[in-house]
Amino acid sequence: MAVQTVGVIGAGQMGNGIAHVFALAGYDILLNDISQEALDKALALIDRNLERQVSRGKISAEDKKAALGRIRTTLNLAELGQTDLVIEAATERETVKQAIFEDLLPHLKPNTILTSNTSSISITRLASRTDRPEKFMGFHFMNPVPVMQLVELIRGIATDEETYKTLHEVVERLGKTAASAEDFPAFIVNRILMPMINEAVYTLYEGVGSVKSIDESMKLGANHPMGPLELADFIGLDTCLAIMNVLHDGLADTKYRPCPLLTKYVEAGWLGRKTGRGFYDYRGEVPVPTR
């Protein structure tokens, strides 16, 4: 199955990064969102990120111009039905994702491949609500998409070999590396990463260490490029909590119980960088720990 046109649903943090790397690799992109403001912000951000790559000598000015020329935007979800590959990158809520696919189904070409950028939700379950579970896969990019090299490929129970091979070739054309994961809660990266972040929040909650001491300990003691609480703020605390809930519900093991402090921060609307406050306060010139 040849892929040339790609529909991306959701112009947020992940969607705009996915559109960026696909356009740069020569794919024609149709980027969709429910808000024109979100689409405009995504295009402006893609422009800035491409310009950063130009300034660092990673791509040419001509590459940037060509990539931007391959991206179109639309508020009409039905238009994505004529693309070869659809990548859903909406919010990490299963009901939202199911509703998107149900709205899209009547407009799809027979051979369109459907994928979700979900970081934790069952691919088999999402696929079962469509008319083509054999052409449905998890296509999980890491954040920030233009920088991170890994893409998790997750097969649902019905995904056929042709779909898997097609997406593996797409990942290679993007210049990234594919890791194949089985369809279990949170797959590989988040199955390992999120419990570590959750444990860091418990360490803060129980008073073992402060935000600063926990992050410095992991950066200097374990050689992590970013502390776990700083990383949680970057990912979004609502996303971290959603993934921990998927792990806890899906595997029924108490070791995946979300820390009450993580829940409290989300209830307060302190979701990290995107809201200006999380484990750090980002409203000043320098991030300041909130505990």
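These legends describe close-up views of one predicted model.

In this predicted model, local features need pLDDT of at least 70 and side-chain atom pairs count only at pLDDT 80 or more, while totals for chains, interfaces and linings use all residues. Residues are numbered from 1 along each chain as its sequence is written, and side-chain values use heavy atoms, with hydrogens and water left out.

**View 1. Helices α8 and α9 pack together.** Helix α8 covers residues 211–221, and helix α9 covers residues 228–235. Helices (H or I, at least four residues) and strands (E, at least two) are DSSP runs, numbered from the N terminus. The two helices meet at an angle of about 100 degrees, with their axes 7 Å apart. That makes α8 roughly perpendicular to α9. Angles of 65 to 115 degrees count as roughly perpendicular, under 35 as roughly parallel, over 145 as roughly antiparallel and the rest as oblique. Axes are lines fitted to C-alpha atoms, for helices over the stretch in contact, and angles run from 0 to 180 degrees between N-to-C directions. From α8 come Val211, Ile214, Asp215, Met218 and Lys219; from α9 come Pro228, Leu229 and Glu230. Contact means heavy atoms within 4.5 Å. By class, the contact has 5 nonpolar, no polar and 3 charged residues. Ala, Val, Leu, Ile, Met, Phe, Trp, Tyr, Cys and Pro count as nonpolar; Asp, Glu, Lys and Arg as charged; the others, Gly among them, as polar.

**View 2. Asn223 sits in the loop between α8 and α9.** Its phi is positive, about 60 degrees, although Asn223 is not a glycine. Asn223 is exposed, because its relative accessible area is 68%. Exposed means over 50%, buried under 20%, and partly exposed in between (1.4 Å probe, protein chains only).

**View 3. Phe187 lies in the loop between β8 (177–181) and α7 (189–205).** Phe187 also has a positive phi, near 60 degrees, in a residue other than glycine. At a relative accessible area of 5%, Phe187 is buried.

**View 4. A cis peptide bond joins Asn143 to Pro144.** Omega is near 0 degrees here. Pro144 belongs to the loop between β6 (136–141) and β7 (150–155).

**View 5. Leu104 and Gln98 are both found in helix α4.** This helix spans residues 94–104. Leu104 is buried, because its relative accessibility is 0%. Leaving aside neighbours within four places in sequence, Leu104 touches Ile9, Leu77, Leu80, Gly81, Val86 and Leu114. Gln98 counts as buried at 12% relative accessibility. With neighbours within four places set aside, Gln98 is in contact with Leu126 and Arg129.

**View 6. Thr163 is placed in helix α6 (residues 161–173).** Thr163 is buried, with 0% relative accessible area. Leaving aside neighbours within four places in sequence, Thr163 contacts Met1, Ile113, Glu134, Lys135, Phe136 and Met137.

**View 7. The second largest pocket has 13 lining residues.** About 160 Å³ of space lies in this pocket. Nearest its centre are Val21, Leu24, Gln53, Pro146 and Leu174. Helix α1 (residues 13–24) gives the most to the lining, with 3 residues. The lining holds 6 nonpolar, 4 polar and 3 charged residues. On a 1 Å grid over the protein atoms alone, a pocket is an open set of points where a 1.4 Å probe fits, with protein on both sides within 12 Å along at least five of seven lines; lining residues have an atom within 4 Å of a point. Grid points are joined across faces, edges and corners, and a volume is the space filled by probe spheres set on the points.
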